[in-house]
Amino acid sequence: MRPTPPPRSPSSRSASLDAMSDLVARVREVLPSVRRDLEDLIRIESVWADPARRGEVRRSADAVAGLLSDAGFGDVQIVSEGGAPAVIARHPAPPGAPTVLLYAHHDVQPEGDPVQWHTPPFEPTERDGRLYGRGSADDKAGIATHLAAFRAHGGNPPVGVTVFVEGEEESGSPSLSRLLAAHRDTLASDVIVIADSDNWSTEVPSLTVTLRGLADCVVEVATLDHGLHSGLWGGVVPDALSVLVRLLASLHDDDGNVAVEGLHEATAADVDFSPDRVREETGMLPGVQEIGTGTVPQRLWAKPAITVIGIDTTPIEKSSNTLIPRARAKVSMRVAPGGDAAEHLAALTRHLETHAPWGAKVTVTPGDLGQPYAIDTTGPVYDAARAAFRQAWGTEPVETGIGGSIPFIAEFAKTFPQAKILVTGVEDPATQAHSVNESLHLGVLEKAAISEALLLANLAP
């Protein structure tokens with residue numbers, strides 16, 4: 001892999017302001033067609049997690065491949081390494097120019113209860129400057145951004161461009177490592193743009209620079225080999241659900257901080273994240289208090305977090321006056337940047353195995369792992385990105401973290417250690433990704449597309 005040629009100097013970029021203005025105008029010219037293509041993609045129910053709709057995911061891959069081919073990519077292929085279909089499209093780099101890999105994913109989350117949607121989840125609908133529909137933002141808008149930037153350059157940007165659109169990100173990207181290994185030479189690049197994050201607001205862009213990792217497990221507690229009459233034995237023999245409740249409560253202290261020993265804590269960016277913003281963006285009920293100590297960015301981006309995301313026990317409608325012999329829960333942990341997900345899972349396992357009351361038997365079954373990641377934002381590639389954001393948005397980007405996990409970014413970093421990684425996105429605080437009534441702010445789409453088109457220009461030697 002050749003080293004990344006440095007972007008043009010600030011003086012040479014200033015000399016081409018007219019060219020940049022023309023490029024911005026061309027982005028705006030192509031946006032209507034890009035929006036129509038985005039709406040067509042939203043209508044495809046590409047939910048890989050639903051086996052009944054895997055044919056729709058394949059139809060979505062075909063549609064994405066067709067759009068990239070029509071945009072001018074001469075080398076477009078649909079690939080699969082035992083998982084969902086992904087699309088790879090390549091435009092070769094001019095001599096001496098770097099290659100930029102543009103990532104997005106075409107699969108979407110299940111829509112949940114359609115009754116809770118204000119409009120049909122797979123019928124794109126504009127309301128108050130936002131486009132509603134499942135995948136409108138996460139992450140078919142990422143595909144639209146890449147299309148707009150490429151079309152604005154007339155299908156012939158001054159750098160090499162490879163587009164990689166994955167098909168199972170919402171299912172944890174289980175075959176991504178195989179895809180990267182099998183197509184490493186095709187995907188090799190100098191700069192990787194991951195268009196799957198969010199922005200500080202609809203007026204202020206973000207560059208995501210840290211991401212927490214993920215580790216989860218299922219813990220089962222057992223106190224009996226069969227259920228017992230609670231009237232005959234209650235008060236003497238412990239039931240498994242009471243044990244599980246106490247065990248899960250031991251994962252946090254009274255302030256809501258994680259109480260597991262041996263976990264890593266990093267340092268978050270110094271940005272203002274007010275309590276009012278927390279309430280506005282989360283829908284916390286009146287009277288509910290925040291948990292944990294430290295600033296909101298510190299708790300969201302740089303400290304571990306543990307959440308109980310599921311419990312298996314007797315449902316209320318089937319309950320009887322019986323001591324429950326076994327109960328289990330799924331526990332999800334977020335790992336701060338700089339920590340190791342496997343080591344954190346081991347620490348969580350030790351805690352669960354040693355904190356069950358009354359001698360209850362504990363079995364911990366490990367689950368998924370995803371490593372955290374921290375990005376070095378120094379150097380000419382990030383300077384080029386900031387310049388693009390300034391012109392597109394009219395303000396400096398905020399460097400933020402992500403409380404959630406995007407484990408595949410660590411996979412890209414491991415496979416292409418020399419590449420510079422930029423994590424961008426088309427979401428904003430009101431997007432409601434993964435929730436009902438997901439939406440895309442159309443003004444943000446325009447600014448994201450302009451930013452990316454300008455970035456491709458700025459990276460030219």
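The legends below describe close-up views of a predicted model.

Residues are numbered from 1 along each chain as its sequence is written. Because the model is predicted, local features need pLDDT of at least 70 and side-chain atom pairs count only at pLDDT 80 or more, whereas totals for chains, interfaces and linings use all residues; side-chain values use heavy atoms, with hydrogens and water left out.

**View 1. Packing of helix α2 against helix α4.**
Helices (H or I, at least four residues) and strands (E, at least two) are DSSP runs, numbered from the N terminus. Helix α2 (residues 17-42) packs on helix α4 (residues 140-152) at an angle of about 145 degrees, and the two axes are 8 Å apart. Axes are lines fitted to C-alpha atoms, for helices over the stretch in contact, and angles run from 0 to 180 degrees between N-to-C directions. The crossing of α2 over α4 is right-handed, a crossing being right-handed if the near helix is turned clockwise from the far one by less than a right angle, and left-handed if anticlockwise. Contact (heavy atoms within 4.5 Å) involves, among others, Leu23, Val27, Val30, Leu31 and Val34 of α2 and Ile143, Ala144, Leu147 and Ala148 of α4. By class, 14 nonpolar, 1 polar and 4 charged residues take part. Here Ala, Val, Leu, Ile, Met, Phe, Trp, Tyr, Cys and Pro count as nonpolar, Asp, Glu, Lys and Arg as charged, and the others, Gly among them, as polar.

**View 2. Helix α4 and the residue that follows.**
In α4, 13 of 13 residues are buried, that is, under 20% relative accessible area, with exposed meaning over 50% and partly exposed in between (1.4 Å probe, protein chains only). The end C-alpha atoms of α4 are 18 Å apart, which agrees with the 18 Å that its 13 residues should span at 1.5 Å a residue; the expected span is 1.5 Å times one less than the number of residues. Just after α4, Gly154 adopts a positive phi of about 65 degrees.

Strand β5 (residues 130-132) is joined to β18 by 3 bridges, and Leu131 has Leu440 of β18 as its bridge partner.

Strand β9 (residues 213-222) and β14 are joined by 8 bridges, and Glu220 stands opposite Thr363 in β14.

**View 3. Surroundings of Asp368.**
Asp368 belongs to strand β14. Leaving aside residues up to four places away in sequence, Asp368 touches Leu214, Ala215 and Asp216. Between Asp368 and Leu442 there are 74 residues in sequence and 35 Å in space, C-alpha to C-alpha.

**View 6**
Strand β2 (residues 86-91) has 5 of its 6 residues buried, so it is largely enclosed by the rest of the structure. Strand β1 (residues 75-79) pairs with β2 in the antiparallel sense over 5 bridges, and Asp75 stands opposite Arg90. The hairpin of β1 and β2 has 6 residues between the strands, and Gly82 takes a positive phi near 85 degrees there. Strand β6 (residues 160-166) also pairs with β2 in the antiparallel sense over 5 bridges, with Phe164 as the bridge partner of Ile88.

**View 4. Strands β7 and β17.**
Strand β7 (residues 191-198) runs parallel to β17 over 7 bridges, and Ile192 stands opposite Ile421 of β17. In strand β17 (residues 420-427), 7 of 8 residues are buried.

Technical notes
Two strands pair if DSSP finds at least two bridges between them.
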